[in-house]
Amino acid sequence: MDLREFLAPAADVARRTGPQDRIVLSSRVRLARNLKGFAFPGWAKKQDRIQVYEKVAAAVAEVPTLSGCFCESLDKLSALDKQLLVERHLISREHAARSGGSGVVLNRQETLCLMINEEDHLRMQSLRPGLQLRQAWAEIDALDTELEAHLPYAFSPELGYLTACPTNVGTGIRVSAMLHLPGLVLSEQINAIVQSVNKLGLAVRGLYGEGTEALGNVFQVSNQMTLGESEQTLLEKLDKVLRQIIEFEENARATLIEKNPKMVYNHIGRAYGILANAHIIASKEAMNMLSLMRLGVDLGMFPGVDRSLTDELFLLIQPAHLQLLHQEKLQAEERDIIRADLIRSRLRSVSRPGPPLPAGGSTE
Amino acid sequence: MKCCVCKEREATVHLTQIVGDKVQKLDLCEECARNKGINDPTGFALADLLLGMSGSPQEEGTAKAGELRCPQCGFTQAEFKKLGRFGCPECYQTFSEGLEELLKTMHKGTRHVGKVPAAYRGVEDMKKRLERLQQELARAVRDENFERAAVLRDEIKHLQARLAAPGER
């Protein structure tokens, strides 16, 4: 099966909507599971990893929820394919570096994605647009229950699901959401928020997870503790914190517009200026500018422009997605030119930003 | 107060981490603190520190008794210290000594609460039942109801045998 044919076009991905998606880009619930009697992937010999891969792949084929899914060993995927999956947040960067003996499973709707032999034998995740933690949990819980009938999980009544790293033992769950927080960044409140979220035992990470930068003002909030708390309790806790962050972000935006409108218009206007006129742009700058433009769309400064425009570009300008549009292998410098061309052409029909809609009238 | 890593020099660096309602403390000497890369006291987690901690009481104990090795996968304590990960599910049993302390620094609790696979749900029920039967047996013995006690004893034996083979369906 060809992964590139299987994946939905970026335009479709950008049009997926969910509750609170003005601020919450996506919700995710991940479960870590391992098979009894096999060494964890990091310690197992390649033969054992292949055996685990085959066992899991066979179970995947048996499970009705995953019928018609994409299931492939990583040595059958090109580096570009794997990078595409990373840019879509379907697999981790660590997993993309793996090859034979590891695999990936993806359902048609791209709501379920399984990594076989990542840090654990099985890492299954459910993804949803917007704030939908409960739905994501319900979906992955059901899949996990289906799979456990075919796979003998390593489980201890005292310690729960046994994982390669003791930081994941117990429920093996990681509940997370990706948030777009330009208001909190512009108003310089983000560090205080990150610190107080950390104090609650939750982690705040960058765009691509652990150890990555918060490019484009995108932050990932997730639980860290997995032992001693039920999935439900964790879910409720994270949901509550996320709703609070959403409120803080909305307040930050409202306060900025009220107290310092020129600063906000300046940032958004300049971002538009660069995006609409640049001929060379690196992905980092492009993401940061697109983030500001997205804020402008949220504030009603680009009448008639839908958020899916910036969201699609956010995905399309990533290195592997750009490469996909071209036959020959692109060098970084060429990518920066092609990226700028793509953004300019997409923004051709977008007029310069005006003042926010609620304010009404034009000052120009 | 002595440094909790080298246990030789006086501890002058005192760290406290509060996560939720849990307080973790660590007392280090300057040299060990530097070795652990502590210059920004806000930018690290105590768990990471403890994971890579050398000369902890458990390690001294096992070093004397020869290197502890997992019978299932051959993973050693030293490798766990280095990698912070286990070799196989059995390692949780092999390296159970000191594990609870480590888990305490990482998690809310040290016992699993939450989803249980169907294959083990019976086990949980059996355990609860076993507890109840044992209480009942004690009561029967106290009341000198030996007939009842004999029945209970057989049932407990039966349950214990089934529990000895967990996960079997």
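**Val264(A)**

I started with Val264(A), which sits in helix H10 (residues 261–277) of chain A. This is a predicted model, so I read everything below as computed from it. Buried or exposed, I wondered of Val264(A)? Val264(A) counts as buried, because its relative accessibility is 2% and the cut-off for buried is under 20%.

Next I looked up what Val264(A) touches, leaving out residues up to four places away in sequence. I got Leu256(A), Ile257(A) and Leu299(A). I also checked Val264(A) against Gly296(A): they are 32 residues apart in sequence, and their C-alpha atoms are 8.8 Å apart in space.

**Domains of chain A**

**Second largest pocket**

I then went to the second largest pocket, with a volume of about 780 Å³. It has 37 lining residues, and those closest to its centre are Val13(A), Ala14(A), Leu25(A), Ser26(A) and Asp311(A). The elements of chain A that give two or more residues to this lining are helix H2 (10–15), strand E1 (24–33), strand E5 (122–129), strand E8 (173–180), helix H11 (283–298) and helix H12 (307–316).

Which element gives the largest share of that lining? H12(A) does, with six residues. By class, I noted 14 nonpolar, 11 polar and 12 charged residues in the lining of the second largest pocket. Both domains of chain A take part: the lining draws at least three residues from each of domain 1 (3–253) and domain 2 (260–346).

**Helix H12(A)**

H12(A) is mostly covered, with eight of its 10 residues buried. I listed the buried ones as Ser308(A), Leu309(A), Thr310(A), Glu312(A), Leu313(A), Phe314(A), Leu315(A) and Leu316(A). What covers the buried residues of H12(A)? The cover includes H2, helix H4 (79–87), E10, H11, helix H13 (319–324) and helix H14 (332–347) of chain A.

**Strand E4(A)**

I moved on to strand E4 (residues 112–116) of chain A. Five of its five residues are buried, so E4(A) is largely enclosed by the rest of the structure. I checked which way the side chains go: Leu112(A), Leu114(A) and Ile116(A) point one way, Cys113(A) and Met115(A) the other way, and all are buried.

Then I traced the neighbours of E4(A). Strand E3 (residues 103–106) of chain A runs antiparallel to E4(A), and four bridges join them. Within that pairing, Leu106(A) has Cys113(A) as its bridge partner. The hairpin of E3(A) and E4(A) has five residues between the strands, and Glu110(A) there takes a positive phi near 60 degrees.

E4(A) also runs antiparallel to E5(A), joined by five bridges. Here I found Leu112(A) opposite Ser126(A) in E5(A). These two strands form a hairpin as well, with five residues between them, and Asn117(A) in the turn has a positive phi of about 55 degrees. E5(A) had already turned up in my notes as one of the elements lining the second largest pocket.

**Cavities**

My search for cavities of 30 Å³ or more over the whole structure gave three. The largest cavity holds about 40 Å³ of space. I wrote down its lining: Leu179(A), Leu181(A), Ile190(A), Ile193(A), Val194(A), Val204(A), Phe219(A), Val221(A) and Ile245(A). Two elements of chain A give two or more residues to this lining, helix H8 (190–199) and strand E10 (218–223). H8(A) has the largest share, three residues.

**Gly98(B)**

Where does Gly98(B) lie? Gly98(B) is in the loop between helix H5 (91–94) and helix H6 (99–106) of chain B. Gly98(B) comes out as partly exposed, because its relative accessible area is 24%, and that class runs between the 20% and 50% cut-offs. I compared Gly98(B) with Gly74(B) too: the pair are 24 residues apart in sequence and 19 Å apart in space, C-alpha to C-alpha.

Note on methods. Residues are numbered from 1 along each chain as its sequence is written. Chains are lettered from A and ligands numbered from 1 in the order in which they are written. This is a predicted model: local features need pLDDT of at least 70, side-chain atom pairs count only at pLDDT 80 or more; totals for chains, interfaces and linings use all residues. Side-chain values use heavy atoms; hydrogens and water are left out. Buried means under 20% relative accessible area, exposed over 50%, partly exposed in between (1.4 Å probe, protein chains only). On a 1 Å grid over the protein atoms alone, a cavity is a set of points where a 1.4 Å probe fits but cannot get out, and a pocket is an open set with protein on both sides within 12 Å along at least five of seven lines; lining residues have an atom within 4 Å of a point. Grid points are joined across faces, edges and corners, and a volume is the space filled by probe spheres set on the points. Ala, Val, Leu, Ile, Met, Phe, Trp, Tyr, Cys and Pro count as nonpolar, Asp, Glu, Lys and Arg as charged, and the others, Gly among them, as polar. Domain bounds come from an automatic or database domain assignment. Two strands pair if DSSP finds at least two bridges between them. Contact means heavy atoms within 4.5 Å.
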